[in-house]
Amino acid sequence: MTMDSYNLKIVLILAIGFSLASLLGYFTQRLKLSPILGYLLAGYIIGPYSPGFVADITVSEQLAEIGVVLMLFGVGLHLKWEDLVNVRNIAVPGAIGQTLVAATCGALLVYSIGWPIEVGIIVGLAIGVASTVVLVRVLSDNHLLDTVEGHVAIGWLIVEDILTVLVLILLPVLATLSSEGQLLVSQFFETIGWAIAKFFLLAILMFTLGRKVVSFILMHIARLRSHELFTLTLLALTFVIATASAVIFGTSIALGAFIAGMVIGQTHVKHQASANALPMKDAFAVIFFLTVGMIFNPTAITENWVFFIGVLIIVLIIKPLAAFLIVWVMRYPLKVALTVALALAQIGEFSFILGEEAIKFHLLPDEGYDIIVACALISISLNPLIFRGVNFLHSSIGSSETLSLPSDNLLSMPTFHPLSAVIVGFGPLGRGVAEALHQLNFNVTVIDQNVDTIAFLRDAQQRGVFGDATNPTILEEAHIEEADLLLITVPSLHTTINIIEVVQPLNPGLKILARSHYLTDHQKLQDLNIESICSEEETKKAFIQAVYRVSQTEFET
């Protein structure tokens, strides 16, 4: 194959695949379904099992490998331990219990049709983990993300992700045991113990020395304020850590990328890292889902229809029923139990990743993977519809915040919600405004592109986000959608206007105070419906007085 023909194949896959994915993703979004469904269908259309254009699967799989690395990096980067800590009493035993139920049922189902038991374990674990994208979308669409049940579901999913990572560690061990046949019990535990020991050695090394080295490199690059160089360094560190983990410690490259994400997530530049990596992660994630759709063979359903129906029953009935009973037995309200059960009644990206890795180690036949994909397609399609169908149950049960919760949980909602403000720029004016807001008992979050400023704020236990405030991801990391007040203290009018244009769709009711360099700039900002504007020709006192005036209005409201 010449270089030109190889490049042409890549261009065709990207052109046709992305076009179809965009079109079908648009329709699924309009139907309030997950866009993953559209991407999978687009992949099937350009795959060998459907008529018409057939993309090169080999090239797609090579691109999808990068997608897996970036997806696992993103999972590690966004892993929020505080979300798990707040619901640990229910999320940890619940996720483990539900996963064991799914794994046991999957293993029994596979064994009953005559497949090896290790295949059953892989299938059971793959269908035991829900899709983060689908779960967050469903909770957001039903305004449940910031409720008790939303917190429990997110924490539950974090535990499932961690369990899946542990399975990725053990896949090479299972492959070895499967190839060597019967081993002594002592050899079995010795092999597993050695694999876990190597992983913990890698984790200890990365979260001590590795974290210091990564933080040192990224902090120095961030001070240069070059987005291109920062992104390049971020990618280099991710792939170096992922490759070194695989070569030295024998883990999978995907698992190494997950650790790289967790390490970078502990640095002061994690928010800008997330913003820079997000477009690449999303693009390659689409390629990954396209590839999954391309290799999906629907004839596997008709040839293994008993297996297909059994897996579907586990995903849609047994798994949510187990979650419901666990939450209910632990004395949580009925609404919480019902919401968590329905939110987890689906499978998605982690199921595909686990299946892909298992196929590499010859632990899962192609037919098993096809059944997992088919059940994912159905569960992703039905999950939002099921939620809509039980909305009347939610309203009849009532708001979960008003119901009594177990005394040992940490989810009781505060009776007083303090006002919150986001300050863009932390120069002399920004610092003065922050002091005034603290006196008014505001929760203040600072966005600044000086990484040393953010490091100082975070070391002082204050909220700071390093990054460019014109980037929606950075604003979301600062929780702009929950803010009551935005104060833009940067001197550039162009930057100020860009920030306002990005912010207003995210939080239409947000009150904004902006700084302009000259009084003649007032009109340009007033056209954007900014309530109060102070200029360089006025004093810092005038800006702070405007803060007090706006905040007084907020308090009265």
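**Entry 1. Terms and model**

I began with burial: a residue is buried at under 20% relative accessible area, exposed at over 50%, and partly exposed in between (1.4 Å probe, protein chains only). I noted that the model is predicted, that local features need pLDDT of at least 70 and side-chain atom pairs pLDDT 80 or more, and that totals for chains, interfaces and linings use all residues. Residues are numbered from 1 along each chain as its sequence is written, and side-chain values use heavy atoms, with hydrogens and water left out.

**Entry 2. The chain as a whole**

I looked up the secondary structure and found 24 helices and six strands. Helices (H or I, at least four residues) and strands (E, at least two) are DSSP runs, numbered from the N terminus.

I then looked up burial, and 53% of the 557 residues of the chain count as buried. The chain exposes about 24900 Å², and carbon and sulfur atoms supply 64% of that area. Accessible areas come from the Shrake-Rupley method with a 1.4 Å probe; for residues, only the protein chains shown count as cover.

**Entry 3. Helix α6**

How many of the ten residues of helix α6 are buried? I found seven, so the helix, which spans residues 117-126, is largely enclosed by the rest of the structure. I listed the buried residues as Val119, Gly120, Ile122, Val123, Gly124, Leu125 and Ala126.

**Entry 4. Salt bridges**

I searched the whole structure for salt bridges, and there are five. The rule asks for a side-chain nitrogen of Lys or Arg within 4 Å of a carboxyl oxygen of Asp or Glu.

I looked up glutamate 65, which forms a salt bridge with lysine 360; their closest N and O atoms are 2.8 Å apart. Glutamate 65 belongs to helix α3 (residues 57-77) and lysine 360 to helix α16 (residues 349-360), so the pair ties together parts that are 295 residues apart in sequence. Glutamate 65 is partly exposed at 36% relative accessible area, and lysine 360 is partly exposed at 39%. I also noted a network of salt bridges that links Glu65, Glu357 and Lys360.

I looked next at lysine 335, which pairs with glutamate 149 in a salt bridge, with the closest N and O atoms 3.5 Å apart. Lysine 335 is in helix α15 (residues 334-343) and glutamate 149 in helix α8 (residues 148-180), so this pair ties together parts that are 186 residues apart in sequence. Are these two residues buried or exposed? Lysine 335 is buried, with 9% relative accessibility, and glutamate 149 is buried, with 0%.

I then checked aspartate 452, which forms a salt bridge with arginine 223 at 2.7 Å between the closest N and O atoms. This pair links distant parts of the chain, helix α20 (residues 451-459) for aspartate 452 and helix α9 (residues 185-223) for arginine 223, 229 residues apart. Aspartate 452 is partly exposed at 35%, and arginine 223 is partly exposed at 40%.

**Entry 5. A charge without a salt bridge**

I found aspartate 468 in the loop between β3 (463-466) and α21 (472-477). Aspartate 468 is buried yet has no salt bridge. Which side chain of opposite charge is nearest to aspartate 468? I found arginine 225, 9.7 Å away. For charge, Lys and Arg count as positive and Asp and Glu as negative, while His and the chain ends are not counted. Leaving aside neighbours within four places in sequence, aspartate 468 is in contact with His227, Gln272, Gln449 and Ile474.

**Entry 6. The surface**

I looked up a nonpolar surface patch of about 540 Å², made by Ile113, Trp305, Val306, Ile309, Ile313 and Ile317. Patches are made of residues with over 30% relative accessible area and no salt bridge; like charges are joined within 9 Å, and nonpolar side chains (Val, Leu, Ile, Met, Phe, Trp, Tyr) within 5 Å. Tryptophan 305 lies in helix α14 (residues 305-329) and is exposed, with a relative accessible area of 55%.

I also looked at leucine 205, which lies in helix α9. Leucine 205 is partly exposed at 38% and touches Gly210 and Phe249, not counting residues up to four places away in sequence.

**Entry 7. Cysteines**

A disulfide is a covalent bond between the sulfur atoms of two cysteines. I applied the cut-off, a pair of cysteine sulfur atoms within 2.5 Å, and the count is zero disulfides. Cysteine 105 is partly exposed at 23% relative accessibility, whereas cysteine 375 is buried at 0%.

Conventions: Contact means heavy atoms within 4.5 Å.
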